[in-house]
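Please have a look at the sequence and the structure first.

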Amino acid sequence: MTGLTLKEIRKSYGSVDVLHGIDLEINQGEFIVFVGPSGCGKSTLLRMIAGLENITGGEMYIDGQLVNDVPPSKRGIAMVFQSYALYPHMTVFDNMAFGMKIAGESKQEIDRRVRAAADSLQLTNYLDRLPKALSGGQRQRVAIGRAICRDPKVFLFDEPLSNLDAALRVATRIEIARLNEQMADTTMIYVTHDQVEAMTLADRIVVLSAGHIEQVGAPLELYERPANLFVAKFIGSPAMNIIPSTISKAGPTTTITLKGGRSVTLDIATPVSENGKTASFGVRPEDLQIANGDDYIFEGEVSIVEALGEVTLLYIEGLVPGEPIIAKLPGITDIRKGQKMRFAADRSKLHLFDAEGHTYRS
Amino acid sequence: MTGLTLKEIRKSYGSVDVLHGIDLEINQGEFIVFVGPSGCGKSTLLRMIAGLENITGGEMYIDGQLVNDVPPSKRGIAMVFQSYALYPHMTVFDNMAFGMKIAGESKQEIDRRVRAAADSLQLTNYLDRLPKALSGGQRQRVAIGRAICRDPKVFLFDEPLSNLDAALRVATRIEIARLNEQMADTTMIYVTHDQVEAMTLADRIVVLSAGHIEQVGAPLELYERPANLFVAKFIGSPAMNIIPSTISKAGPTTTITLKGGRSVTLDIATPVSENGKTASFGVRPEDLQIANGDDYIFEGEVSIVEALGEVTLLYIEGLVPGEPIIAKLPGITDIRKGQKMRFAADRSKLHLFDAEGHTYRS
Amino acid sequence: MTLARDFFKIGPARLFVHFVVLVIVILWLIPTLGIFISSLRDKDQLVVSGWWTAFAGSSRTVASRLGQPDQQKQEGATYVIAGNVLEGQEGRSIRAFGTRVQQPAAYSAGETADLGDGVSLLVNSDGTYRYMKNAPFGPDDGGRRVYVSIATPPEFTMQNYRTVLTGEGIGQSFINSLTVTIPATIIPILIAAFAAYALSWMEFPGRALLIALVVGLIVVPLQMSLIPLLRLYNTVGAAFDAPSKTYLGIWLAHTAFGMPLAIYLLRAYIAGLPKEIIESARVDGASDFEIFVRIVLPLSFPALASFAIFQFLWVWNDLLVAMVFLGTDRQHLVLTGALNALLGSRGGNWEILTASAFVTIIVPLLVFFGLQRYLVRGLLAGSVKGG
Amino acid sequence: ADLKFPPGQDTKFNWKSYEEFKAAHADLKGEPLTIFGPWRGEDEAFFRSILAYFTEATGIDATYSSSENYEQQIVIDTQAGSPPNVAILPQPGLLADLASKGLLTPLGEENAKWVKDNYGAGDSWVGYGTYKGKDGKEGYFAFPYKADVKSLVWYVPENFKEAGYKVPTTMEELHALSDQIVKDGGVPWCIGLGSGGATGWPATDWIEDIMLRMNKPDVYDKWTTNEVKFTDPAVVAAIEEFGKFAKNESYVDGGAAAVASTDFRDSPKGLFAVPPKCYLHHQASFIPSFFPEGTKLGQDADFFYMPTYAAHADLGKPVLGAGTLVTITKDSKAARAFVEFLKTPIAHEVWMAQSSFLTPYKGVNTAAYANEQMKREGEILTTATTFRFDGSDLMPGKIGAGAFWTGMVDFVGGKSAEDTGKEIQAAWDGIK
Amino acid sequence: MLSQIVSALGVVVVAVFACSAYFYFSNKILDLALPVKDGDIRSAARNLNRRAMIRPWLFLGPALFLLVVYLVYPVVATFILSFYDRSGEQFVGFANYQWAFSDREFRQSIFNNILWLAVVPAACTFFGLVIAVMTDRIWWGNIAKSIVFMPMAISFVGASVIWKFIYEFRGGNDTQIGLLNAIVQLFGGTPQVWISVPFWNNFFLMVILIWIQTGFAMVILSAALRGIPEETIEAAVIDGANGWQIFWRIMVPQVWGTIAVVWTTITILVLKVFDIVLTMTNGQWNSMVLANLMFNWMFRGGGDSGRSAVIALIIMLAVTPIMVWNVRRANRELGGH
Ligand SMILES: Nc1ncnc2c1ncn2[C@@H]1O[C@H](COP(=O)(O)OP(=O)(O)OP(=O)(O)O)[C@@H](O)[C@H]1O
Ligand SMILES: Nc1ncnc2c1ncn2[C@@H]1O[C@H](COP(=O)(O)OP(=O)(O)OP(=O)(O)O)[C@@H](O)[C@H]1O
Ligand SMILES: [Mg+2]
Ligand SMILES: [Mg+2]
């Protein structure tokens, strides 16, 4: 059965429209991640699901029930905030128990559930501490624990990890993944800026932009077959290189002429009507390789070399001035700044978008 | 000539020792990055260089002059704070001009220098704005501009990018790299949590831990030849896999027995006296490959698969319970959870540390 | 708006909030309102009926006097004194009248009362009366008292305000008050701000002790210090051959009395300013003086404004300190003193008290509304820091 | 200067004294003189009109100031060493205290003699200005100027006439009249003790009046110095007697509960209500300032002497009064000249002519009184055989302006006369 | 009149200017006396460090001077006086202290003060908090706040006048002109002389101070409430807490520190304020408080400096625990820097 249905959900603040009609079906037990640039409305949408914001238009169903006017506490949801939002004056135990105390649960029941949650989050030793005596990661675990204790049907996260440092972020991310596995029936909706989180956690990712859904799909689907330029550039880091081009021969495979004059043929079918139209050619930095011989896509001069140990980033100038093309090569290379180089890529990993930015791949 | 010399620098707050004798030589024009876990004393050290904290013990020289008692303004330093620390009631222009006004520079000179700095940071259009009307990235650029205007001998940054979002962080990082190039004579000292920043910006990285220097070296040196377990685990993400082991045959090449019983031979020389001692074997996730045939280091069951598109992370259980070994494979794989797999690695990329955590590599 | 801000808006809870606030506001307003209305009422009415009845027409029974015998006219056999008991009181009417104080409403208006001995009296509702006798009125009949019930419409007067505002020397004392108040507000702020800065951001031995001293001195009861101080003033005044009661003296007194609280509040705020900003300025080469003047002072403006309001209110409403340190002669009398002098030697005249309460409140209210924006913001940082 | 009555014109004024004074004090032009007194409001204006003559005559630069808390102010100023030249206060008790601390300058025997000779009941007045100095020796410190008569009962003549009541001549008759009024369905008395911080003082006037009517003057005198204690039967009886009026539910407007809380300024208004809320009001000569606007003394309101007991006919007709006393707190020629000025009839007459001023000075022309009633009051003063100053003003401030007031409030509130006396006496014992 | 205004203005400007000038020139002189030349960094550093040692005292100088002269010196003088007799000339040892504790009125005052301390700060804080919370959530909140703040602008004496009008009692059958009695009468009760009802009259007086000071509490608490992270409230909403529970269990605990500051400030005020009692009852009907008792002993009838000194010291002593706590807090904050 359906966990959550959004029908034409709209949100305006006064005259400012923030969400322009969001349609989305979320299945029970799914892990959905909202990503999108800052200000696109991710938090707003999440908060509407939580019931913390009024719904300006459209209908929202949880478990088949219209919840537009149901107060947060009756929606069967739990939420984890970016800033943890722990009650600073309560111990960890009380933080987790608060909701149940409000609901008038028995002491034993409260104790049982809090301890169970604390156990599973390795918080048992900290139950008597105040939040300020905890590290960031522990705080976020408490916030999660508090949510777990509510035993929700829908679990909402708003950038839960963005206040943590790198190492903690990884650890907590894994914790959330584990949680998702344990609570197989619980729908989870997760807002993040972080691609790694989105890619690793999501069953499906919802890419939002300026109050619209750009694409919904499994992580690898978005990575491999972005529906449009926006998603293409948004998913992956560094972002996909985009080179302006013209379609010189449409057909089952398409040949395009890149800015700079080189022709490239892609395994993408285009209608003949597209012949001569401008298009955007895309290739991910990690898909670029140093070309052996003449079979290359473009050439240019390396302007910056960033050696990260594991990989090396090359910034190549030459095609569009001021917009270097980035190539990501594995390991450590001995390429130096100023070197002129040619790059090729696997044909299957090339992307092509029309003038409106839609992919030509079907 | 030497830019900066720290001799046995110590710092205590009351009875708490925060820095336990730091020795460091920094050359003029070098870009030094301090990294280390939270609370290890990075900021404290930076602030002591700036003159914002008293020096409890030891001597500090800038340009050969003892500066222990010299107030900040006379040390020829400039500092960029994590929180920008702009003067909220002054325009961008006044923020940048403040130091010069205090120093009593002429109006024209102030104007010239502020405009030059603003130009190079693309802030010219914002000179009349108050900080609150700027985005985070712009604010940090103003903070940098303010520092530039001081025309310092030593440029100090304390996690300047950690308040910015991912995209801005990359952009501003590149900006700082450019700045470093332009101001070739200026020594820069940079504190960060972020490995990518450290690896890409630094001439040399100083790894601190609990008030000690663990290792000083060029970024790739640290990545390839970590001096000890701490640095090995600290540099690189996900962290290096460490497997307890025993040295079964010391010599010009060393053979060890891993926990679990498999023998591995490394291209590392160990004194014969080490025979039979326990050691830590290390291999980075990105150096692991799926083994073809019997030449493998370990085998285990994949417990988590994280497909990031560009790479796939595998968490492999089997060796140390609860501490999965992580392997990072390029691209997208079709490996599933639960699969049993074997992994190998290039012999030159293996690490070995003695019981105290020191590397055996010389 | 986020939901937290209007979570009360859900359902009846929202109405409840409006209701509660309304009740509180009314409770808080009533006393002031009462005194405001009272200040607009006639001083004799003030003490006989509640101010809330001021808007309703009322009926009063008063004594009035009939005309003198020399006004009598002969009409046939009767002698008549005619006139109007409502002389000079427009808009009122008579309901009833009587000739004995014990029964002041024995006859209704328009009725002719037979008073015996051939004397009768007619009082009409418009106040005209005819006092008749079948013989000439003798000198003893003059100015006879009659009692009339007068229906009075609501009436208000500016007389009380006129009395207060035209009181002798009010203008002068208004200026005196401002002369006292403005420096006595600004100087302590300046001095306290410097001190607060030193106590928050400068390192020197004994800082903690000084903070303790300042906080401790908040409790010193003012009355206690009057005599020792005045003695000191006289000694100093004598030494310099200057009068002991001067503006300078009172400024310093007010400054000193406000100082502990000022330092306490301002320090809380200034200490809460972001450390990095001050360090930046230090790195930029600014001395503490420059940091204070160019960074801290502008940034603490909200806190300064809020303290200014408190200090202003306190000084403006003060009488005791002004009397002791400035004296009570005309040249130096402050507004509170001048209004006080309008009260009779034997104490309160309600009408003057009420009107002057409103006269004195005006300036503080103007100041309050002028600085209100800063008030809330100002204490924000301080209080959050404190919390 | 702006003189109220141009010198030399109105013959009811004793202009000659003015000219003589002027001639004798021509050498003080420009001398400063600060005067601090209790008068504010209307009274202040009157006093300034007097001061104008003084300034005109001498050229002295005189400034007058006052304050609501003049009592406290003068203590602060004198103790701190910044006193005015002349302080005028209505409390001999307070002055005695200041004198004992050496803060007052003696006026000299010639002034004492002058008062003795020229004032009605001059001995009494001299007594109230004679205190022990710092050295413990008695001296004459305070010159009486402006007096009030306290032994007055106010009523509305026409109310009496219409109801057929007669002005009583003995206390017994007063009681009978009160009973009569109750019988007629009226309320005889308006008593209000309220006076903000000074609540209770009107009752002390009652007690003092009664004390003088039940005891010999020397008992009264001893009472004010606590030689006769508050627990003394004489005092308790006087309190008791007051209770017969104030604590009698049917005697007082509003019932006994209202007595303590009704403001003394408001309470006489009951006389003028229609129908009257009460017929009688015991209060000093200043009270007409609090009568409703337009009240004409003599016609709309009048007073009679608070009668004495027929049972104590031997005590004569004692007068309880009060007055303000002029002292020099910082000696100067100008200050002396001011005291001299107060000896001129003109300094009294000008105020007399403007109302609210009585003087025991026999040398004034009583025709100068603004109205007949004041003249009668004045005559009570000048012809008094026994004049006694308000006792509470003679007692130490802690008692006369503290425990005594509080005691009266408690008494009216229900405490017995004995307990009240004990309480006040305990307070007095406490200050020794 | 104009010339008066001009001269007053002149005086005001000169005063403020002179004060600023002190700070400006004293710092200028310091900078000139210890010059910093560009060349020699060592001597420059030395001079800068010396400046840093002197400058705090330039900043603190005027404040310290005023505090010592106007507050510390009188406290010391008072302390000494408390061992002398009424004229301050005869040493009497602890007699005044002995007297204080055996005096009925004194004990009464202590009792009343305890009542005041128990009620007024609590009530002001409570109302201030409630109003702050509620007015933040309605569109006319600022108007409401201004009205609640307004009594702050009224002097204590003025406020007492206002409340006299409320408590006024008229005996017998007279119409009540006091609002309270009128209301009591309306509901069929018997009018009372409120301010003369022993014990309870304390509360009627307290109401006045509460009326005045709630505005202060409101302003400060309202600022603090804005500092509460919205998210904690949202989290509580999701946890199912209602408005009441959120207020008591989430908001109040988070502004506890500010509540303490407000509480302290008002506590001190309660101990110092005496105008209300003076004008309303002057301590009669058992409503005496320490400040008024001190005032009476100090000024009434010539005064008794010894006894009033004892009372003054006791007032100060009474607040000492609160102050110690505050000093601790202030220093703890300092440590955080
Ligand atoms: N209370 C409000 N009033 C007006 N506009 C608002 C309000 N709250 C949010 N917005 C606007 O709505 C848009 C969406 O905000 P939202 O917080 O949902 O963005 P987001 O995608 O979560 O961004 P971020 O990643 O920065 O958190 C933004 O443009 C924001 O300015
Ligand atoms: N004023 C102080 N008093 C006492 N201890 C302090 C003080 N300032 C810092 N410390 C301690 O000194 C240690 C080093 O602090 P520092 O700020 O240098 O760490 P850091 O490496 O910069 O950490 P982060 O990465 O979190 O900024 C910490 O353990 C901190 O608790
Ligand atoms: Mg968001
Ligand atoms: Mg740090």
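Let me start with ligand 2, whose shell has, by class, three nonpolar, six polar and two charged residues; here Ala, Val, Leu, Ile, Met, Phe, Trp, Tyr, Cys and Pro count as nonpolar, Asp, Glu, Lys and Arg as charged, and the others, Gly among them, as polar. Before I go further, please keep in mind that this is a predicted model, in which local features need pLDDT of at least 70 and side-chain atom pairs count only at pLDDT 80 or more, while totals for chains, interfaces and linings use all residues. Residues are numbered from 1 along each chain as its sequence is written, chains are lettered from A and ligands numbered from 1 in the order in which they are written, and side-chain values use heavy atoms, with hydrogens and water left out.

Which residues surround ligand 2? Among them are Y13(B), V18(B), K42(B), E159(B) and H193(B), where a residue counts as near if one of its heavy atoms lies within 4 Å of the molecule. Helix α1 of chain B, residues 42-50, gives the most to this shell, with three residues; helices (H or I, at least four residues) and strands (E, at least two) are DSSP runs, numbered from the N terminus.

Turning to polar contacts, these are pairs of N or O atoms within 3.5 Å; within protein, one must be able to donate a hydrogen and the other to accept it, and residues adjacent in sequence count only if both atoms are side-chain atoms. Oxygen atoms of ligand 2 lie 3.2 Å from a polar backbone atom of C40(B) and 3.0 Å from a backbone N or O atom of G41(B), and a polar side-chain atom of E159(B) is 3.4 Å from an oxygen atom of the ligand. Of the 630 Å² of accessible area that ligand 2 has on its own, the protein covers 61%, as computed by the Shrake-Rupley method with a 1.4 Å probe, where for residues only the protein chains shown count as cover.

Now to ligand 1, which lies between chains A and C and is surrounded by 13 residues, the closest being S38(A), G39(A), K42(A), S43(A) and T44(A). An oxygen atom of ligand 1 is 2.7 Å from a backbone N or O atom of G39(A), while the side chain of T44(A) places a polar atom 2.4 Å from an oxygen atom of the ligand.

How many residues does each of chains B and C bring to their contact? Chain B gives 22 residues and chain C gives 16 residues, with contact meaning heavy atoms within 4.5 Å. The area buried between these two chains is about 1,600 Å², and carbon and sulfur atoms give 66% of this; buried area is the accessible area (1.4 Å probe) that two parts lose on being put together, summed over both.

Across this interface there are two salt bridges, each being a side-chain nitrogen of Lys or Arg within 4 Å of a carboxyl oxygen of Asp or Glu. R47(B) pairs in this way with E279(C), with the closest N and O atoms 2.4 Å apart.

Finally, among the eight pairs of chains that touch, chains C and E have the most contacts, whereas chain A and chain D do not touch, their nearest C-alpha atoms being 48 Å apart.
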